[in-house]
Structure formats: structure tokens, C-alpha cells
Amino acid sequence: MLSALSDWFWQDWLWFPEGLGWKDLENKGDEVYAKAGDLWVTLPIALCFLLVRQVFERKVAVPLASLLGVREKVRVRAARCPVLENFFSSKAKQPTQSAVESLSKQTGYTERQVQRWFRRRRNQERPNQLKKFREASWRFTFYLFAFIAGLAALIDVSTRTLLPSQYWYYMIELGFYMSLLFSVASDVKRKDFKEQIVHHVATITLISFSWCVNYIRAGTLIMLLHDSADYLLESAKMFNYAGWRKACNYIFIIFAVVFIISRLIFFPFWIMYTTWVYPLTIYKPFFGFYFFNGLLLVLLCLHIFWAVLIVRMAIKFLPGNNIVEDERSDKEETDNSEDDDNEDKANGKAAKMKNGPVQNGHSSLNNHHKKE
């Protein structure tokens, strides 16, 4: 059954225009073409990336963070309270007002103390600056080298023969995105978490498909366009976490320009034009044509989504704004513990003063009589 399904799936009419097929991609003398079986090598490459990343973050990213002055905010830990911890773990991290009132009665805490406990407990689970810096520095390093490798792979594309540089560029890119998909559960979760999953899956499918049907030039250009902006964004994040605001802002401006030009101009009006419009002048549309361009359309929609976030962040460059935060990040809640404590003390003092000053544990109103 599986053999029959495989034979049907790999039929020529599905993936190639009329008159062409898999036989046209068989090696002929010095002409070497991409093969679907080559993609198996990306699995060990992805595992190697996961291991190299662990070493890089500990041996390179951590010392670099110290050198750039990455500082952690001092977080006040939530006091041990089994009732609140059980509610936080099993029911909700953001309790409703009615839940706060109920928990206040169960624990003996005031409603303000309950709210403060949950705020501190949520902050404990948010990733620290060092973790964010380590992830950004790892991605920055890869995207920078990948961009340089992409330029090298495009130097000689005059022949239809698969070049070693193109082979390794594809395998390494695909292996890296697979490693990102494997580690997405442990990485910092942002507001666009679902969009990131869609992006990784679409990218892996797109790279794999373009390799199998020998769309090497189009695939290389697409990966290169993405890498051209990504390393700038990651470097801006690194400087932001280190508190280098001006450097972060300047790099972010460059990133925004490169992102819009590469992904909203070159990508749709150059890449997608040559894959969507030009082929129709030569061949009739077929399933592989719609499949490939459908994936490109998914990426374009994600580009538009992220472009909106970039514009929101760019607005912060207006006069009076001197910080750029990642719109996708889950921001840490401010812990006004000192103000809350002072307010609690003030409330307690007010409660005591309600019946007048206290002397020796008794209201002064009861001490106006003379001793006998």
C-alpha cells in the first residue's frame, strides 16, 4: 500500500510541466542534479546544530554578554504559598477578580497581596535577558555566515550542474531551520509564536521541494533574501539587551529598510514574478506550480504581518522615544513591591487610627478616665 501511494505521489504530471519528468533530472555525465535522497543528511546536521548551539551559548554568548554589559533585573520571588501555587499551575496564571477574592479568603492575604503574588510568579517564568541575548547571538552568527555563504553560492550559476557550494548551502540552511523547529518549545516564546511555527514549516517544505524539483536558483535567492535582513535584526536585539540604545536604534533602522526592500519589493515583484508569471508563458499550470507558489504566498503573508510590527516599532524612533522593544516579546510586568508595601502599611495605620491613637494596645478614647 505504501509503495502504491509513493508511486502515485511521485508521478511526473504532479510535479512537472507536460513533457518533463523525473528522468530529466537523472545525472548525465558531468551534469549532476539534486536528488530527494540527499535531504536525509539534514537530520544529522540539525542535531549537530543543536549540540553546537549549546556549546556556543555557554562558551561564546555568555562571555560576550558579560563584555557588552548585559544586566539582569532583580526579580522579587513570590513567597511560598501552596494554595496560590496550585491555582497558578492548574487553573490560571492571570486570575479573575472573583478568583482573587476567593483566594484572599483561603490564604488570609489581602486582594492586593494576592495580585502581587501572581505578578511576581508570572515574572519568575519569563525568560531573563541573558537567555534572550544567547538566543539572539546564536541566530545572528548563523544568519551572518549564511548570508555570506549564499553570496558565494550565487557567484557561478551559469551551468545547470549542481555545484558543491549550492549543495552545502541548501543542506546547512535546511538543517538549521529544522533545528529551530526542534528547539522552538524551549526557546523564548513571543506573541508571534504560531506564526513562527508556520514560517518554519513553510520554509522547510519550500526548501525541500525546490531541491527535489531542481529549483536551485530560485531557492538560493529566496534563502539569501531572508538572510540579508535576519542578521541585522538579531544584532539589534543583542545591543538592546545590552542597553546600547543608540546602536540598537541605528541598526534597527537599517534592518527595517533592508527588510521592506528585500521581502516586500524584491520577493514579490522579482522572485514571485519569475515563479508565478514567467512560467505560464512557457508551460501550462500544473500541481507543482501551484504548490510552490502557494508556499511563497504563505511567506509573503508572514512578511506583511511582520512588516506591520516593524512599523509599530519604527514609530518609537519619533522624538521623545529612545528605546526600541520587540513587539513580539512578552513584556515583564513592573513589580511595585516597595510602593505596595508602603501602601499596605499606610492602610494598616489608617485602620488603627480609625478609632484613634493606640496606647499600650488600647484606644486612647478608653484611657481618658482617671485612675482611682
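This is a predicted model: local features need pLDDT of at least 70, side-chain atom pairs count only at pLDDT 80 or more; totals for chains, interfaces and linings use all residues.
**Exercise 1.** Find the salt-bridge partner of Glu 57 and say which helices the pair links.

*Solution.* Start at Glu 57 and look for its partner: Arg 134, with the closest N and O atoms 3.1 Å apart. A salt bridge needs these atoms within 4 Å, so the pair qualifies.

**Exercise 2.** Decide for Glu 85 and for Arg 121 whether the residue is buried or partly exposed.

*Solution.* First, confirm the contact: Glu 85 and Arg 121 form a salt bridge, their closest N and O atoms being 3.0 Å apart. The pair connects helix 4 (residues 82–90) with helix 6 (residues 111–125). Now take the accessibility. Arg 121 has a relative accessible area of 13%, and because buried means under 20%, Arg 121 is buried. Glu 85, at 27%, is partly exposed.

**Exercise 3.** Work out which parts of the chain Glu 234 and Arg 139 tie together, and which network they belong to.

*Solution.* Begin with the bridge itself: Glu 234 pairs with Arg 139, the closest N and O atoms lying 3.3 Å apart. Glu 234 is in helix 10 (residues 216–242) and Arg 139 in helix 7, so the bridge joins parts 95 residues apart in sequence. Then follow the shared partners: one network takes in Arg 53, Glu 57, Lys 131, Arg 134, Glu 135, Arg 139, Glu 234 and Lys 237. To finish, check burial: Glu 234 is buried at 5% relative accessibility, and Arg 139 is buried at 12%.

Notes. Residues are numbered from 1 along each chain as its sequence is written. Side-chain values use heavy atoms; hydrogens and water are left out. A salt bridge is a side-chain nitrogen of Lys or Arg within 4 Å of a carboxyl oxygen of Asp or Glu. Helices (H or I, at least four residues) and strands (E, at least two) are DSSP runs, numbered from the N terminus. Buried means under 20% relative accessible area, exposed over 50%, partly exposed in between (1.4 Å probe, protein chains only).
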